[in-house]
There are 4 protein chains.
Amino acid sequence: MPTKLKDIDYGKSRVRVAKINRHPDRHEFSDLTVDLRLQGSFEECYLAGDNSLIVPTDTMKNTVYTIAADVDLDPVEPFALKLAEHFLTTHSHVKAATIHVAEHRWSRVDPHAFEQGQSLRLAEVEMTRDGATVHAGLDHLVLLKTTKSAFEGYLKDRYTTLPETSDRIFATSVRAVWRYTSATVDFNASMERCRRTLIDVFAAHNSRAVQETLYAMGDRVLQSQSEIDEIRLTLPNKHYLPVNLKPLGLENRNEIFLPTDEPHGVIEACLTR
Amino acid sequence: MPTKLKDIDYGKSRVRVAKINRHPDRHEFSDLTVDLRLQGSFEECYLAGDNSLIVPTDTMKNTVYTIAADVDLDPVEPFALKLAEHFLTTHSHVKAATIHVAEHRWSRVDPHAFEQGQSLRLAEVEMTRDGATVHAGLDHLVLLKTTKSAFEGYLKDRYTTLPETSDRIFATSVRAVWRYTSATVDFNASMERCRRTLIDVFAAHNSRAVQETLYAMGDRVLQSQSEIDEIRLTLPNKHYLPVNLKPLGLENRNEIFLPTDEPHGVIEACLTR
Amino acid sequence: MPTKLKDIDYGKSRVRVAKINRHPDRHEFSDLTVDLRLQGSFEECYLAGDNSLIVPTDTMKNTVYTIAADVDLDPVEPFALKLAEHFLTTHSHVKAATIHVAEHRWSRVDPHAFEQGQSLRLAEVEMTRDGATVHAGLDHLVLLKTTKSAFEGYLKDRYTTLPETSDRIFATSVRAVWRYTSATVDFNASMERCRRTLIDVFAAHNSRAVQETLYAMGDRVLQSQSEIDEIRLTLPNKHYLPVNLKPLGLENRNEIFLPTDEPHGVIEACLTR
Amino acid sequence: MPTKLKDIDYGKSRVRVAKINRHPDRHEFSDLTVDLRLQGSFEECYLAGDNSLIVPTDTMKNTVYTIAADVDLDPVEPFALKLAEHFLTTHSHVKAATIHVAEHRWSRVDPHAFEQGQSLRLAEVEMTRDGATVHAGLDHLVLLKTTKSAFEGYLKDRYTTLPETSDRIFATSVRAVWRYTSATVDFNASMERCRRTLIDVFAAHNSRAVQETLYAMGDRVLQSQSEIDEIRLTLPNKHYLPVNLKPLGLENRNEIFLPTDEPHGVIEACLTR
């Protein structure tokens, strides 16, 4: 019985490109990592080593450079749309192109200098001959609050040793990816509102569980931004555990914590209208 | 319009546990990283902060320790099955449990000492009340061959600058995950055969494309191991690019290469019977 | 001929500790990674397995927790001084203690919430029975400027292929460590001034070489802050290389760059009065 | 008062280069990461932006490629010597060159295929006009033993909570760097003997402290290899802590452990004749 190809995927990852946009009074600077994937009639390459329909991943990389030279990179979404479109219009056997962009964020120090931040801005375009879907998002947005977070009333079984707490540290590295209802949004404005909303709700919410705060964050985005109809949030629970100081002759008045990355809880959900 | 929960997921990641199994003449040693996810009736926690059905992720961690003390960890698959089963039998509102295990491989130095290798052994159990699916695999198996790899006859467009080559370096970090047809396989023997097959086919194959070699590797596994009915292979193309020595007054007779991780090609496929 | 111990060193690395300082109107939050090293009469442990003078590294960790509970962690320098002092006063056979602290920086979002930044604040105390030396610094301060950076007129030999440029991107991850002339400085104010100076000089300097900018940055710190008498700067040259677009039929008007971490230049110097 | 340059350093890091050596019956493969540093009359670059004596770090990179094309890379020490010599003979104002090489180890699968291992082989050459010093070593050699390791009889103070143990897991990532008495050693044979000795002594030694085992390892190398006159060993104590199973209703018969990298002990010493 011959072995079948159930699904296939190929492309180029971690294509780095940066661009300076020079204005008389200041420079704009974009710094991107691009991942590209193509879907189409590539089976013969797997089955028979026939490369005649294979767009080399090196060509994908060159295409990133060329289109980056041609169009504005701010915001990134139209650039990703242009890239996806290129592959579909140039190659009739390509059925779908997926372009994922992570933008490294630099905050301005002066008209020509920048300091790198920690979080990433994400954009993703999936384009077929029927149209395009645009996602945007944030990653590595590391947030922490020192109060307004409890975890009580949970299920106990014989392996439960965790004490309940009405006041704990809540720390997380937010990954949020939302879907736009169209490809002609004011992407920068929408991104800024989302980012602001996610941070504000995180800070203000009286959290009884990471799950509840996650829902509150996503709900607020969907309620306030009509251009978004779905949002997926991943909130790892980066634990700051109270240190037991009793063996050291001290009481821990909920002040001293051990930060730990291993193990960590993971809370995830997709919210939709 | 109220915001809906489309899908939800929670659990614990990176739970580390190790176990010594002491025999008179030698020790066996297992070293695992476990990820756990539960699915079930957890919506009220997201919507109303009601934790009464939430199994804390800390309890999941404790459960890993307890069951690791109770059962043999070699092979890992029965341990993962036992873990999944525990959550389903203990909690009637849990509909599915997914247990992912990465085993850090240690090769024996003497009866009680070991040297750590680079590759990981993977096992994954997805269990519902209808039964269990068992996957196994390998990750970070880094392979390289210095010949028997070409890349020619590919599609050229105006952004293609890559020269064709009949003899290049082929380097990859294999990730392979296969599905067993049952949960009562001789897991260690099957793993060893798979590992051997993947390495042997990689080394022997006359590669005209990474895709073709990927198919050959997966095909051989499916043809020779009836206990496996599906295999997914991910073969990033870790490029070793010929260095252009002409500006330095030398010719590169296909001898000097620049290893680079960024960017890299990604070739992936799922093969099935 | 017996083997001699030329120098020995032991301690604990990556001790993580965090502390909340609760004020009525706001919380302060400190998040540290501490490394500790002791010097003293530890030879018999190496030579004969005699542990009687060995302070376990686990005890060092507990000491970090205890002293963190006892004293303010903002600024970190007095905390590090207290830690070092503890080991010297408690154990007469300890000759020197070195405490290295990396503070993870969190910027305030609201009175009780914070967003993590990328750079680290450093403090190091080396204490012997003759006194203490206090260093402070910054790490992972990633800066970039899009102009005011040239590299011309350098030495050419037969292996030189780099074209001269009067206008390049200059990107670096600053590590700066300076020495205080006393242990009773206003550490927070001094840190803020240093950080401001390093960023401002980096942005404003007309750079003819990374070396020249490094000197200008350190020189300004030493000229303007009398409490500092020595500064060591490490400025890796994180290259943003102009992409050659000619083979793609385009001209690169100094706009499109390839960011690369591998390889990278390293420029380092210690400046003193 | 003008600011003085106390010490300066510059060079290129993470220069990657690989080479195939084609024999009729098999290929040899070398895969290196090279770091280079030059010392000399470079002050005017720092003080006045004068680049006329600066060898660009890009040229250093090209020199690595060129000399790699010219000489055998196995063993790496003569290659590093040749590189250092190049800078001293070509540039009269260069006073010293330091070449550090990390060789990625590949174990043979067949005559033309390899699997990557985890540990690195190190070589370092420091050359001045007075001669060269050659160091070699190993890094990321991760070893673990499940018995023959105790930690008892240590100093207790009021912050000590660690229980004594006569039988613990001892895991470490060995970094060993030794100095050769000459530059004309059989480097491959010496490396193999060292590696074998370090592993064998680690496995066989009845350890009462990491320090004692470190000394035993280095002592054996110095006693058995006359071409080596100094060895520096760094043995981080990668803790595998016994899990407290009592709250889970079980006893831990020294079988179940929590591997943790944070925090970890660090034990280091330099041994000499």
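**Exercise 1. How many residues does the contact take from chain D and from chain C?**

A word on the ground rules: this is a predicted model, where local features need pLDDT of at least 70, side-chain atom pairs count only at pLDDT 80 or more, and totals for chains, interfaces and linings use all residues. Residues are numbered from 1 along each chain as its sequence is written, while chains are lettered from A and ligands numbered from 1 in the order in which they are written.

Step 1. Two residues are in contact if their C-beta atoms, placed from the backbone, lie within 7 Å.
Step 2. Chain D gives 65 residues and chain C gives 65 residues.
Step 3. On the side of chain D that touches chain C, the largest share, 13 residues, comes from β1(D). Strands here are DSSP E runs of at least two residues, numbered from the N terminus.

**Exercise 2. Find the strand of chain C that pairs with β1(D).**

Step 1. Pairing requires that DSSP finds at least two bridges between two strands.
Step 2. Strand β10 (residues 264–272) of chain C pairs with β1(D) in the antiparallel sense, over nine bridges.
Step 3. For a landmark, look at C:Ile267, which stands opposite D:Tyr10 in β1(D).

**Exercise 3. Work out how chains B and C are related.**

Step 1. Superpose by least squares on the C-alpha atoms of residues with pLDDT (the predictor's confidence in each residue, from 0 to 100) of at least 70 in both copies.

Technical notes: Helix = DSSP H or I, 4+ residues; strand = E, 2+ residues; numbered from the N terminus.
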